[in-house]
Amino acid sequence: MLDGEKWRPVAHHASHAHLIRSDWPENYQRSVSAVVVPASRPSWNLGPAVRLAEELGCPLVVACSARAEVGEVALELDRWQGVAFRIGAEPPVAVRRLRTRQLALETPADDPRVPRARREPAGDRTGRAVLTRGLLTRARAVPDGARSQAPYVDVSTKRNVALLLARQLGWRRLLFLDDDIQPPPAREILRASAMLGPSGASMASWPAQEFPDNSVVCHARRVVGLEQGTFLAGGCLLVDLTRTLPYFPGVYNEDWLFCWEAVRDRRMAMPGSVDQIPYNPFDPRRATREEFGDVLGEGLFALLHRSPAEVLLGLAGQGPDAGRARLVEPARYRGYWSQVLAGRHAMLAEVTGRLEARAATDPEAAVQLRAVRAGQERLNLITPYELAEFVALWLQDLQTWRYELAQLHRQETFKGAFNQLGIDEFQRVGVM
């Protein structure tokens, strides 16, 4: 919250769709340089991605982890062309330098009972957190067995490495496609690629509406009769690589943060939607893991809903550069996140109240209620300082990331690119 702004809870926005421009002309070349799949499922899930890459006439790049094995994926790719790789214990330097990633790795991921350090550093008179050198290594009362790799670090790392690879190889447009997504037709993707260019969109996203790509809490809102839409997602995301690129933070809603600047600048296209493999949306562990990133994402996008009058009031006296680039400024302050958390608590209270009324007679509602309450437990541990801290690190990381991208040397082959990135486990298939 900036000087001059009135304190009030930030309400949940059921839809962000109006932030997306819908009338992009198709002025540019129809082409896709590569399809990238951050895969964790067995190789047979790659069938739709292989067929799509073949129709687009571009290589398929598969970043493997968990049940996706490089050798098995290479066999799946054999009928077309591409490369499968696995990132080692130490990712490339450009990824390791991301402080939000380090913070995520230090944070207990699954147990809402694990206490987080509540002591906040001194703030300046505006309420903005003053970050200290020991920020990421401050002590937390965490049992040894409670620390685990944050679940969203894996997918963000794979996507970030794909961006590094693409920059080295001089690619111009990259399609990210998750291995649980049924992609749109190739002709629709090519049509969207013609929207991406210097005076056009910088990204195009196909949100999953069947099965809806929502957090546990947003699924619960829909169940209890509250309005709830879907929004952009990294599951099917086309990126113009000639732009100044952001990165994917290791947090739930990492795709929202990746796209935040594009939406802010009204450079996002949404040509259609996709289907997603159904899953159980009411897993309490999922709700626990999602809550911090859900609050973060909703709070950052709420800034883009503010009226011009509110923006001008908040930026009064900050000079001629106050504009779209300064829209994120309130998120640097704990006061703003106090407003966001107040709105989040009120929204969850309404959802749980409606579920409680159903749970007495509906066993399914009782299951849904347990999941939402797990999210509430995690919400109770989130502080305004933690959110302001993350935003400060995210903005610092954007500068670090863009510096690292500028240091990359152009490579002509996958082998040269992977060698520069320090990735040893890869297998190329076909002729490229």
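Phe-414 is buried, and Phe-418 is buried too. Buried here means under 20% relative accessible area, exposed means over 50%, and partly exposed lies in between (1.4 Å probe, protein chains only). The model is a predicted one: local features need pLDDT of at least 70, side-chain atom pairs count only at pLDDT 80 or more, and totals for chains, interfaces and linings use all residues. Residues are numbered from 1 along each chain as its sequence is written, and side-chain values use heavy atoms, with hydrogens and water left out.

Start with the whole chain. Its secondary structure comes to 14 helices and 11 strands. Helices (H or I, at least four residues) and strands (E, at least two) are DSSP runs, numbered from the N terminus. Of the 432 residues, 58% count as buried. Contact means heavy atoms within 4.5 Å. Among contacts in the chain with a separation of 6 or more, 82% come from residues 24 or more positions apart.

Now return to the two phenylalanines. Phe-414 and Phe-418 form a stacked aromatic pair, at 6.2 Å centre to centre and 20° between the planes. Rings of Phe, Tyr and Trp (its six-membered ring) pair if their centres lie within 6.5 Å; planes under 30 degrees apart count as stacked, over 60 as edge-to-face and the rest as tilted. Both residues belong to helix H14 (residues 414–421), and because they are four residues apart there, about one helical turn separates them. Ring pairs also join them to others: the cluster is Phe-85, Trp-171, Phe-414, Phe-418 and Phe-426.

The whole structure holds 15 aromatic pairs. One of them is Phe-211 with Tyr-279, an edge-to-face pair at 5.0 Å centre to centre and 75° between the planes. This pair links distant parts of the chain, 68 residues apart. Phe-211 lies in the loop between S7 and helix H7 (216–223), while Tyr-279 lies in the loop between S10 and helix H9 (284–302). Tyr-279 is partly exposed, with a relative accessible area of 22%.

Two strands pair if DSSP finds at least two bridges between them. Strands of a sheet pair through backbone hydrogen bonds, either parallel or antiparallel. S5 and S10 (residues 274–276) pair in the antiparallel sense over two bridges. Ile-181 stands opposite Gln-276 in S10.

Helix H7 comes next. Six of its eight residues are buried, so H7 is largely enclosed by the rest of the structure. The buried ones are Val-216, Val-217, Cys-218, His-219, Ala-220 and Arg-221. Their cover includes H9, helix H11 (334–359) and helix H12 (363–381). Just after H7, Gly-225 takes a positive phi of about 95°.

Cys-218 has a relative accessible area of 3%. Cys-64 is also buried, at 3% relative accessibility. How many disulfides does the count come to? The count is zero, where a disulfide is a pair of cysteine sulfur atoms within 2.5 Å.

Charged side chains complete the tour. The structure holds 22 salt bridges, each a side-chain nitrogen of Lys or Arg within 4 Å of a carboxyl oxygen of Asp or Glu. Arg-86 pairs with Glu-69, and their closest N and O atoms are 3.5 Å apart. Arg-86 lies in strand S3 (residues 82–86) and Glu-69 in the loop between strand S2 (60–64) and helix H2 (70–77), so the pair ties together parts that are 17 residues apart in sequence. Glu-69 is partly exposed, at 37% relative accessibility.

Glu-254 and Arg-159 meet in another salt bridge (2.6 Å, N to O). Glu-254 is in helix H8 (residues 254–264) and Arg-159 in helix H5 (residues 151–169), 95 residues apart. Both are buried. A charge sits over a ring if NZ of Lys or CZ of Arg is within 6 Å of the ring centre and within 35 degrees of the ring normal. Arg-21 sits over the ring of Trp-24 in this way, with its charged end 4.0 Å from the centre.
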